Amino acid sequence: MKHRAVVRGIGVGVGEDGSNVPAVVLEARDEFLPIVITSDQAQAIQLGLSGEQFERPLTHDLLVEMVTEFGGAIDSIRIDDLSNGTFLAKVDAERYHDGEARTFVFDARPSDAIALAIRVDCPILVSDEVLDAAGQSPEAFDADFDE
């Protein structure tokens with residue numbers, strides 16, 4: 001079963017070497033799902049969340065514009081697997097040609113998929129298997145994400 005997730009924010013944890021480690025935190029099935037990302041990925045997601053516009057398009061904005069111009073749409077993103085501690089994601093898209101829908105599935109890093117989903121306001125879906133393996137109780141977090 002897949003559960004609709006909400007981006008709760010960008011958090012920072014402490015790595016084994018004492019360095020700051022950014023993570024995007026999703027909430028699904030009343031659990032938090034932290035996904036470790038790079039600082040560049042954190043910035044791309046945070047900029048999408050803020051809705052801040054730039055004079056020139058950023059990479060994720062450019063991709064959304066290109067997909068749209070070619071008659072496509074991003075329908076949803078899925079975080080549906082975990083392999084050796086690495087989250088795996090898919091982008092579900094479609095394009096209509098001569099009245100016929102054609103669906104596409106693209107492999108993606110979860111951070112890129114989430115950055116796209118924020119920009120097009122499409123569902124972020126997380127599988128039970130991923131939540132069972134990596135979901136955490138909200139009480140495990142020393143953070144107060146805005147409602």
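Which residues is Leu-116 in contact with, leaving aside its neighbours within four places in sequence? I looked this up in what is a predicted model. The contacts of Leu-116 are His-60, Leu-63, Val-64, Ile-74 and Val-91.

**Entry 1: Leu-116.** I placed Leu-116 in helix α3.

**Entry 2: the core.** I then turned to the largest nonpolar core, which has 30 residues. The residues with the most contacts inside this core are Leu-26, Leu-33, Ile-35, Ile-77, Ile-79 and Ile-114. Helix α3 gives the largest share of the core, six residues. I noted the general background that nonpolar side chains tend to be buried together in soluble globular proteins.

Not counting residues up to four places away in sequence, Ile-114 touches Val-7, Val-24, Leu-26, Ile-35, Ile-45, Ile-77, Ile-79 and Ile-124.

**Entry 3: α1 against α3.** How do the axes of α1 and α3 cross, and within what distance do they come? I found that the axes of helix α1 (residues 39-50) and helix α3 (residues 110-120) cross at roughly 10° and come within 9 Å. Angles under 35 degrees count as roughly parallel, and α1 and α3 are therefore roughly parallel to each other. On the α1 side I listed Gln-41, Ala-44, Ile-45, Leu-47, Gly-48 and Leu-49; these meet Ser-111, Ile-114, Ala-115, Ile-118 and Arg-119 in α3. Sorted by class, this contact has seven nonpolar residues, three polar and one charged.

**Entry 4: α1 itself.** I checked the length of α1: twelve residues, reaching 16 Å from the first C-alpha to the last, close to the 16 Å expected at 1.5 Å a residue. The buried residues in α1 are Gln-41, Ala-42, Ala-44, Ile-45, Leu-47 and Gly-48. I looked for what the buried residues of α1 pack against and found β1 (2-14), β2 (20-28), α2 (59-69) and α3. Gly-51 follows α1, and its phi is positive, near 75°.

Entry 5: Most residues other than glycine have a negative phi, so I wrote down the exceptions I came across. Arg-29 has a positive phi, near 55°. Arg-29 lies in the loop between β2 and β3 (31-36). With 30% relative accessibility, Arg-29 counts as partly exposed.

Asn-84 also went into the notebook, with a positive phi of about 50° although it is not a glycine. I found Asn-84 in the loop between β4 (72-83) and β5 (86-97). Is Asn-84 buried or exposed? Its relative accessibility is 81%, so Asn-84 counts as exposed.

**Entry 6: Glu-31.** I located Glu-31 in strand β3. Glu-31 has 16% relative accessibility and therefore counts as buried. What does Glu-31 touch, not counting residues up to four places away in sequence? I found Leu-26, Leu-131, Gly-135 and Gln-136. I also looked up Glu-31 against Glu-65, 34 residues apart along the chain; their C-alpha atoms are separated by 33 Å.

How values were computed:
Residues are numbered from 1 along each chain as its sequence is written. This is a predicted model: local features need pLDDT of at least 70, side-chain atom pairs count only at pLDDT 80 or more; totals for chains, interfaces and linings use all residues. Side-chain values use heavy atoms; hydrogens and water are left out. Axes are lines fitted to C-alpha atoms, for helices over the stretch in contact, and angles run from 0 to 180 degrees between N-to-C directions. Helices (H or I, at least four residues) and strands (E, at least two) are DSSP runs, numbered from the N terminus. Angles under 35 degrees count as roughly parallel, over 145 as roughly antiparallel, 65 to 115 as roughly perpendicular and the rest as oblique. Contact means heavy atoms within 4.5 Å. Ala, Val, Leu, Ile, Met, Phe, Trp, Tyr, Cys and Pro count as nonpolar, Asp, Glu, Lys and Arg as charged, and the others, Gly among them, as polar. A nonpolar core is a set of buried Ala, Val, Leu, Ile, Met, Phe, Trp, Tyr and Cys residues joined through side-chain atoms within 4.5 Å. Buried means under 20% relative accessible area, exposed over 50%, partly exposed in between (1.4 Å probe, protein chains only). The expected span of a helix is 1.5 Å times one less than its number of residues.
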